[in-house]
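Subject: Structure handover

Hello,

Here is the structure we spoke about, for your files. My notes on it follow below.

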Amino acid sequence: MSFEGKYNVKSPAVKRLMREAQELHEATEEYCAYPLEDNLFEWHFTVRGPPSTDFEGGVYHGRILLPPEYPMKPPNIILLTPNGRFEINKKICLSISGHHPETWQPSWSIRTALLALIAFMPTPGNGTIGSLDYSVEERQKLAQKSLNWQCENCGKVVNLLSKNTAKKPITEEEQSMLDTIALKADDTSAPEMSFTANTENGSGNELRRRTEATSSETQEAQLPVHLNAQVETMSSSNDLFWSILIAFLASAIILLVLRRLLLV
């Protein structure tokens, strides 16, 4: 396929993609990738499920969307075949994908992305964007079903891989890259911390509510005591007043009686 009449061949992205298309024009037993006939910046790929994993025997198809700034910016990777590891029709989160441009290196390529995808299919999803954690049985069933899966553009994807061309050896540079690439967790610990913080805040709020309730109850319980004390105080004052009044009247009566006796 030729894109020379459609794209500016002096563009760094076009030059790079045309070179990669030439390098990847021959399918292997492990993967294949090629641009669409009318769009150099959208590629379709097919990868074989890694052996000795839940995906062994499966064949998985997807899209690679490349930015105009490629290779300075990373591609986006989308799986189309149900697989139980990545959500279909959704940009998946890899440190080599568009979700994490900060970890992308211009020396990486579409082949690099495919090798990384194959390497990380057996890894836990850990809640990353576009990830799934299906059971072994579910993934094995999907692997068998994938052999009959067809792409609207590419046809039956199992026929796209070569049975005669062995996979190309991984270079030292690629192996070093695979050792450093990791699935991004998208700060999954943050929600946990947030949950913990919310729980602590909730506990604190609950504690405050309980303390306030206890304080209120204590105040309510103490209120009758204070009232009783006040009543008792008032009662004591009244008793004292009446005692003094009675004593005064008794003294006055006695004085009057004594006065009359003396006058007589």
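To begin with a loop: Asn89 sits between E4 and H2. Please keep in mind throughout that the model is predicted. The phi of Asn89 is positive, about 60 degrees, although the residue is not a glycine. Asn89 has a relative accessibility of 58%, which is over the 50% cut-off, so Asn89 counts as exposed.

A second residue of this kind is Asn126, where phi is near 55 degrees, again a positive value in a residue other than glycine. Asn126 belongs to the loop between H2 and helix H3 (136–145). As background, most residues other than glycine have a negative phi, and most peptide bonds are trans. The peptide bond between Tyr70 and Pro71 is cis, with omega at about 5 degrees. Pro71 is placed in the loop between E3 and E4.

The rest of my notes concern helix H2, which spans residues 110–120.

Burial. Of the 11 residues in H2, 10 are buried, and the helix is mostly covered. Among the buried ones are Ile110, Leu114, Leu117, Ile118 and Phe120, and Arg111 is also on the list.

Start of the helix. Here a side-chain oxygen of Ser109 comes to within 3.4 Å of the backbone nitrogen of Arg111.

One residue in detail. Ala113, which lies in H2, has a relative accessibility of 1% and therefore counts as buried. Which residues does Ala113 contact, leaving aside its neighbours within four places in sequence? They are Ile77 and Ile96. Ile96 is 17 residues from Ala113 along the chain, and their C-alpha atoms are 6.5 Å apart.

Packing against H4. The axes of H2 and H4 are 10 Å apart, and the two helices pack at an angle of about 50 degrees. The pair is therefore oblique. The crossing of H2 past H4 is right-handed. On the H2 side the contact is made by Arg111, Thr112, Leu115, Ala116 and Ala119; on the H4 side, by Glu174, Met177 and Leu178. By type, the residues of this contact are five nonpolar, one polar and two charged.

Regards

Terms used: Residues are numbered from 1 along each chain as its sequence is written. This is a predicted model: local features need pLDDT of at least 70, side-chain atom pairs count only at pLDDT 80 or more; totals for chains, interfaces and linings use all residues. Side-chain values use heavy atoms; hydrogens and water are left out. Buried means under 20% relative accessible area, exposed over 50%, partly exposed in between (1.4 Å probe, protein chains only). Helices (H or I, at least four residues) and strands (E, at least two) are DSSP runs, numbered from the N terminus. A polar contact is a pair of N or O atoms within 3.5 Å; within protein, one must be able to donate a hydrogen and the other to accept it, and residues adjacent in sequence count only if both atoms are side-chain atoms. Axes are lines fitted to C-alpha atoms, for helices over the stretch in contact, and angles run from 0 to 180 degrees between N-to-C directions. Angles under 35 degrees count as roughly parallel, over 145 as roughly antiparallel, 65 to 115 as roughly perpendicular and the rest as oblique. A crossing is left-handed if the near helix is turned anticlockwise from the far one by less than a right angle, and right-handed if clockwise. Contact means heavy atoms within 4.5 Å. Ala, Val, Leu, Ile, Met, Phe, Trp, Tyr, Cys and Pro count as nonpolar, Asp, Glu, Lys and Arg as charged, and the others, Gly among them, as polar.
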